[in-house]
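Let's take a walk through this fold, helix by helix and then pair by pair. Have the viewer open alongside.

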Amino acid sequence: MNKSIFFIFVGLFLSACSNTSFENKVEYKKIQEKLEFNIVDESKALDQVDDFFKKIKDKNKKTNIVISYKIDKSFFVDKVSRSLKSKMFDMNAVKKIVTDDDVQKDILISATYFVVADKKCGILEISSAAQYKFGCSSEYNRALSILNAPVK
């Protein structure tokens, strides 16, 4: 009798431990935006660059920027750098690369940043509480705060 009760409790205990919990996953998307042009009118080109940086800044504050340029356009790139600094971009995340003269465009600006994809937490209902991914919203908010933290 004692052995059968023991095996029943062991069976119940092992079956309770076999229930797996759901892993809370948050997906990230890597987004890259580019702006390339030849400089004809410097003031119009600077306006175009300023609009591009404003659009990027509105989307994400932590952006890696690569500026590829021909060597004879280095004075323009200095003005672009000052514009970036005035818009409070992290200058450690800005990389400048001199390209060959055989490249077609004078300037190529590439901005890369990450965004959090939609969360797939589901809806908590009494009938499906066992399948609800508890902590999913917290994980989503944590990922948002990491990606959108203020740059100092």
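Start with glutamate 42, which is partly exposed at a relative accessible area of 32%. Here, buried is under 20% relative accessible area, exposed is over 50%, and partly exposed is in between, using a 1.4 Å probe and protein chains only. Before going on, a word on what you're looking at: this is a predicted model, where local features need pLDDT of at least 70, side-chain atom pairs count only at pLDDT 80 or more, and totals for chains, interfaces and linings use all residues. Residues are numbered from 1 along each chain as its sequence is written, and side-chain values use heavy atoms, with hydrogens and water left out.

Glutamate 42 makes a salt bridge with lysine 79, with the closest N and O atoms 2.2 Å apart. That pair ties together distant parts of the chain, since glutamate 42 belongs to helix H2 and lysine 79 to helix H3, 37 residues apart. Lysine 79 is also partly exposed, with a relative accessible area of 32%. A salt bridge here is a side-chain nitrogen of Lys or Arg within 4 Å of a carboxyl oxygen of Asp or Glu, and by this rule the count comes to eight. Helices (H or I, at least four residues) and strands (E, at least two) are DSSP runs, numbered from the N terminus.

Now follow H2 itself. The helix runs over residues 42–59, and its 18 residues reach 26 Å from first C-alpha to last, close to the 26 Å expected at 1.5 Å a residue; the expected span is 1.5 Å times one less than the number of residues. Which residues of H2 are buried? They are Ala45, Leu46, Val49, Phe52, Phe53 and Ile56. They cover an arc of only 125° around the axis, which puts them on the same side of H2; the arc is that of the directions from the helix axis to the C-beta atoms. The face turned away from that buried side carries the exposed Lys44, Asp51, Lys54 and Asp58. Two of these, lysine 54 and aspartate 58, form a salt bridge at 3.4 Å between the closest N and O atoms. They sit four residues apart in H2, about one turn of the helix.

What do the buried residues of H2 pack against? Their partners are strand S1 (28–37), strand S2 (64–70), helix H3 (74–86) and strand S4 (107–116), where contact means heavy atoms within 4.5 Å.

H3 is built along similar lines. Its 13 residues should span 18 Å at 1.5 Å a residue, and the end C-alpha atoms are 18 Å apart, which agrees. Phe76, Val77, Val80, Ser81, Ser83 and Leu84 are buried in H3. They cover an arc of only 160°, which puts them on the same side of the helix. On the other side, Phe75, Arg82, Lys85 and Ser86 are exposed. A nonpolar core is a set of buried Ala, Val, Leu, Ile, Met, Phe, Trp, Tyr and Cys residues joined through side-chain atoms within 4.5 Å. The largest one has 22 residues, of which Phe53, Ile65, Ile67, Phe76 and Ile109 touch the most other members. S1, H2, S2, H3 and S4 each give two or more residues to this core, and the largest share, six residues, comes from H2. Leaving aside neighbours within four places in sequence, isoleucine 67 has contacts that include Val77, Val80, Leu84, Ile97 and Ile109.

Two aromatic pairs turn up in the structure. Phenylalanine 37 and phenylalanine 76 are edge-to-face, at 6.1 Å centre to centre with 80° between the planes. This pair links strand S1 to helix H3 across 39 residues. Phenylalanine 37 is buried at a relative accessible area of 6%, and phenylalanine 76 is buried at 4%. The rings of phenylalanine 52 and phenylalanine 53 have centres 5.9 Å apart and planes at 55°, so that pair is tilted. For the labels, rings of Phe, Tyr and Trp (its six-membered ring) pair if their centres lie within 6.5 Å; planes under 30 degrees apart count as stacked, over 60 as edge-to-face and the rest as tilted.

Lysine 70 meets aspartate 106 at 3.7 Å, N to O. Lysine 70 lies in strand S2 and aspartate 106 in the loop between strand S3 (94–99) and S4, 36 residues apart. Lysine 70 is buried, with a relative accessible area of 12%, and aspartate 106 counts as buried at 9%. Salt bridges that share partners join Lys70, Asp72, Lys73 and Asp106 into one network.
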